[in-house]
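This report describes a few features of one protein model for a reader who has not seen it before. Please look at the sequence and structure first.

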There are 2 protein chains.
Amino acid sequence: MPGTVPTHEDHVDVLIVGAGPAGLMLSTWLSRCGIKTRIVDKRGTKVFNGQADGLQCRTLEIFDSFGFAHRAWRESNHMIEICLWNPDENGRIRRSDRIPDTIPQISRFQQVVLHQGRIERFFLDSMKEHSNLTVERGVLPVSFEIDEAKAADFDDYPISVTLRTLSDKEATPQQRQQHQKSADGQRAVVDDGLFRSNLVADDTDDLIRAATADSSRDGQVELVKAKFLVGCDGAHSWVRRQAGFKLEGDSTDYIWGVLDIVPITDFPDIRHRCAIHSANAGTIMVIPRENKLVRLYIQLQATSYNKNGEKADRSWITPDIILQSAQRIIHPYKLDYSYCDWWTAYQIGQRVGDHFSLHDRVFLAGDAVHTHSPKAGQGMNVSMQDTYNLGWKLAHVVKGYCDPAILKTYESERRGIAQQLIAFDHRFSRLFSGRPARDIIDEEGVSMEEFKATFEKGNEFASGIAVNYDASLLVAKGSKIAESNDEYKCRVTSKPQLATKIDVGKRMPSFKVLNQADARPWHLQELLKSNGRWRVIVFPGRLTDPRNMQRFQQLGQKLGDPDSFIRQYTPPGQPIDSMIEVLTVHAGPRTEIELLDLPEAFHPNHGDMGWDYWKVYVDDDSYHEGHGQAYANYGIDPSNGASVIIRPDQYVSWVGDMDDYEEMARFFSAFMKQQVAGKPGAANVRVPFMTTKL
Amino acid sequence: MPGTVPTHEDHVDVLIVGAGPAGLMLSTWLSRCGIKTRIVDKRGTKVFNGQADGLQCRTLEIFDSFGFAHRAWRESNHMIEICLWNPDENGRIRRSDRIPDTIPQISRFQQVVLHQGRIERFFLDSMKEHSNLTVERGVLPVSFEIDEAKAADFDDYPISVTLRTLSDKEATPQQRQQHQKSADGQRAVVDDGLFRSNLVADDTDDLIRAATADSSRDGQVELVKAKFLVGCDGAHSWVRRQAGFKLEGDSTDYIWGVLDIVPITDFPDIRHRCAIHSANAGTIMVIPRENKLVRLYIQLQATSYNKNGEKADRSWITPDIILQSAQRIIHPYKLDYSYCDWWTAYQIGQRVGDHFSLHDRVFLAGDAVHTHSPKAGQGMNVSMQDTYNLGWKLAHVVKGYCDPAILKTYESERRGIAQQLIAFDHRFSRLFSGRPARDIIDEEGVSMEEFKATFEKGNEFASGIAVNYDASLLVAKGSKIAESNDEYKCRVTSKPQLATKIDVGKRMPSFKVLNQADARPWHLQELLKSNGRWRVIVFPGRLTDPRNMQRFQQLGQKLGDPDSFIRQYTPPGQPIDSMIEVLTVHAGPRTEIELLDLPEAFHPNHGDMGWDYWKVYVDDDSYHEGHGQAYANYGIDPSNGASVIIRPDQYVSWVGDMDDYEEMARFFSAFMKQQVAGKPGAANVRVPFMTTKL
């Protein structure tokens, strides 16, 4: 190819293509774990406005594990209630229902809305705080090769990607910077998001052609050898095409318009999330946003095809046209605006990638493997959760801590979620785009009762909390199959009856517990920071019960042994909690127990830094924040206890007997590598994961 | 004076000397209000470590009103429980009591500990975000004059201060940068805070002498003409000396040592706040801090005077000496450290300034007018609250919104608080420094029951919530005195029986209420941002009761009238909520009321920005955060209602009938200036306070 002679070469563990939310989640994860990473994006700048999206409860929980949920929580608009508006018997819209936007008690966070530019900012700030990794913008991959012979050797770099730096002009999207006045001269339109809409063709190939044709810029080409390549490069993914994979599914015909405005209206529920079904004029979804803005998703009375079945001209789509549609739907209420922050239009496409991974070396995430309608507020969330699932697995394999077999769980876990997402979106879109039924015999219309039921049911899925990973090496569900010799299956089985409200395969629920040493309340999830560590949480029950105390002490002795599995999997010289952290939540009462009377394994001695006061917690009443009732909420009997193994991404791997050291050891033995000097895994030991900050 | 010929001259509204917490609180306030301010500090850098202090509940509430409490809350150590340790009958220390560190329910925050450098950082970041104001470091005031003839004209600049810029060397404190190893060679001592201790003489005069002697640097002298001068320059205040005022009070003899260490100990309560009274070896206060640190205040077995009654040599004070004292006190428990972050020693001095203000033009705040022992964690808090009290008053007078008479309330309100603080500290120090009584007939010893009772009682004072300002122009307490012609008294009287749990003169308590437009829960205090606005909070009761609705509508009509007091005091052309903001909290139920059905005065129309959806709230159940029970907690009868006037610093000015427009108008008429074009006050109108951010 002309103009692609690399002038220098680099070796990285992971190369990420695309610096949207999925790519940034991955680079944040990898930078926390000290993995040598590069992340490139063909655009010259990050997103500044528009592209708002809902943030699910689960996404906020993940943000919190990285330390920046509070920024999103403070800046965002919180969505509390959904109001459903439908035609009455005279065809006039009226509020028919109110339902909570987030199911009460499902999470300590509720769904909020914030524009994507701020979310990308949080990731960038967090990366800057914890590493030297920065996004290389205006950089385009132009060629890809994988040496399949090397794919099985995870110390080798089988992937070769040529990167080309674009000129500033090339990297700037051809956005229609109109600053137009509308017909009546009153409204200035600031920004147009059509350039990223799926109504417009992808420009990647044009960029590659233009960049490579210009042979005068050969100096800006570089060859990167990588262990892993991850495509977070959107619906038109270049990485997906290199891997030879495709998206499967369909588009619907309808075009939707989007306006981000400060509304001037007498519609009473403009600050609630609303689904407004008019009798004949179409549907609006109202999403109240931060900074007085409201986003309106407005069904346009047109399809993307003209009468001859050809792709229709999109030049007729303007903010005024979209507003007029909205005004017809919301009638008899008035709707207008002076200030428009952003607008776009799109067509719903519902597709899932046929594969998510090539040889466990190339991975696809986010829009590269699933596209759907934006109105359910899912897209950005599921995309970020893809790479939240992938990040720690890559880090553990790169570091030589885990067997590469764990990488297979990325596709098995995330492709199922993508399929559920599309199925959800199908149901939701059909009900949302349809005309309301006039009466029960109007079979063409959409039943508003069915709509409400779907909406309510969809809420659990939409929270992100419902994600439930299937049995695998990492999730001990179903029967024990240690004998089956299947290297991809878990070697142990859970005893779900010991913690009836903790679901193996789902994320660990969170309730408040008190630190034994200082009585401060913490949400349990706050203890599960995303720093690459596995956790064993021991719930020993009431330690005033001598039997419980005895079992707890025996477990402490085994965990503290120099040959314990924890020590075996911890790189020599590293703190004992740096790979597998043991946390305790006893059943109280707090004042009956002295921390330093408990076995050292539960509050390690860090030498010059003294005892560890941040490992033992208690389910007891607090002075200022009530009683978390953790044992009751987890369904654990305080007279018996339980232990739980939690993955670095907060998903539950195993539930078993409080003192079942042997099953814990067996669980980890299926995929973790011994780190003892002179033993096989040790060759792979590099810089360990970060330890607790002073 | 040689070397002090100013080469240029500047005019400012307010000149602040000293950029510690008191000075930074004031500059933050003034920058929020758009007041032309300069702030100088003789030190070349801000504080980096040491000087930790407790942050009271009230201080965190104030930080939240400026938008940065969450930063302190996240980074600080939260103090939950106080453990009292005393000798048992054998003279061995044992835990005798546990009491909550913060009185439950007193505030939505609890007392926390964070080092002063971070707190100064929050102020600096906030100033940067909201203004161009920066601290001028290494700048020293060297001369002061006030033209008393001009003091009564608040448009004039009667104060002249000469400022001199120091060289880097001059501005760097002579801190003993030892990096020493202790006797056993194990402990590296990082930093020494003795240089700021009251055991060392003030260096201001030396700095002035050195700086003015060097005539080669004449170019760095500047004359500043100011309307107001505020001395936040510490216990040795230069400004106080210029004003001719003094501190009155005494010092105690005992010397206390302070160590900030990561402790290595088997003492069980090292992560609780503890008061440890040994039988004969003295007392320790344990203050667990952020980042694994613990601060120990340790009574040394020495006084600051030697046998001849002369000031003792302080060179014998080392970290090892302090540690050895601690080890004797905490025996039989072991205490040691490898890491020491900071240490110092001090002598308790308890003094209050004789005056806080000169001609209402020069003001003193913080350590310049009160000094006391640090162990009660009060110093920084009371200092910041001094200038939080002063800031908005200065701003309102500079802007021409209020009569300068309001400035008299600074001394009347804050000097009383300083006196209470010293009285508290007297009691506390005596009990803390004393030897525990051996039995009830040991009259020289301190009764541990009395100590506990004082500690518990002191907790309300220590929270900062107990502050209760006396009757004044700004606080409608006691009987109506409109007839007495006293220009400094309030013209109205409150009806406390209408809101039995709101104390006129104290800060407005906070409970959760829901936004009427979007059902989001907010703590009421979150609505009372520090942006210079007065608030009228209308509690109309249950609006489903026609009588309440009628009274509410009548009030709305009067408030919305073009001649209403709100419009009269609002600069022409400014939004109607920019001087006096009307908020409503009705008694629900939320879903029975439509916001847009209420009178416009309660949800103003902002033209191009549409209706205001952020003024009306409801006391109702929320989906995720319970029911705030605001009416019950405020002691307001929902069948009758009440109205409350709240100062820009969140203190309650007046409680009266829900619809008593006339009393509200009369209250403001005593000190606010009409802003209508052509009328007297209008000449003073400058840039208005910030309006709500888009």
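Which residues does Ser31(A) touch, not counting residues up to four places away in sequence? They are Met127(A), His130(A), Ser131(A) and Leu133(A). The model is a predicted one.

Ser31(A) belongs to helix H1 of chain A, which covers residues 21–32. With a relative accessible area of 7%, Ser31(A) counts as buried, because the cut-off for buried is under 20%. The side chain of Ser31(A) also reaches the backbone oxygen of Thr28(A), at 2.9 Å.

Further along chain A, helix H9 (residues 379–398) packs with helix H10 (residues 408–433). Their axes are 10 Å apart and form an angle of about 170°, which means that H9(A) is roughly antiparallel to H10(A). By class, the residues of this contact are five nonpolar, three polar and four charged. The table names the residues on each side.

| Helix | Residues in the contact |
|---|---|
| H9(A) | Val382(A), Gln385(A), Asp386(A), Asn389(A), Leu390(A), Lys393(A) |
| H10(A) | Thr409(A), Tyr410(A), Glu413(A), Arg414(A), Ile417(A), Leu421(A) |

On the scale of domains, the assignment for chain A lists domain 1 as 1–76 + 114–171 + 210–249 + 352–407 and domain 2 as 496–670. How far apart do the C-alpha centres of domain 1 and domain 2 of chain A lie? The distance is 34 Å. Domain 1 of chain A supplies 14 residues to the contact, and domain 2 of chain A supplies 16 residues.

Notes. Residues numbered from 1 in each chain as written. Chains lettered and ligands numbered in written order. Predicted model: local features only at pLDDT ≥ 70, side-chain atom pairs only at ≥ 80, totals over all residues. Heavy atoms only, no water. Helix = DSSP H or I, 4+ residues; strand = E, 2+ residues; numbered from the N terminus. Buried < 20%, exposed > 50% of the residue type's maximum accessible area, 1.4 Å probe, protein only. Polar contact = N/O pair within 3.5 Å; in protein donor to acceptor, adjacent residues only side chain to side chain. Contact = heavy atoms within 4.5 Å. Axes fitted to C-alpha atoms, helices over the stretch in contact; angles between N-to-C directions. Parallel < 35°, antiparallel > 145°, perpendicular 65-115°, else oblique. Nonpolar A, V, L, I, M, F, W, Y, C, P; charged D, E, K, R; others polar. Domains from an automatic or database assignment.
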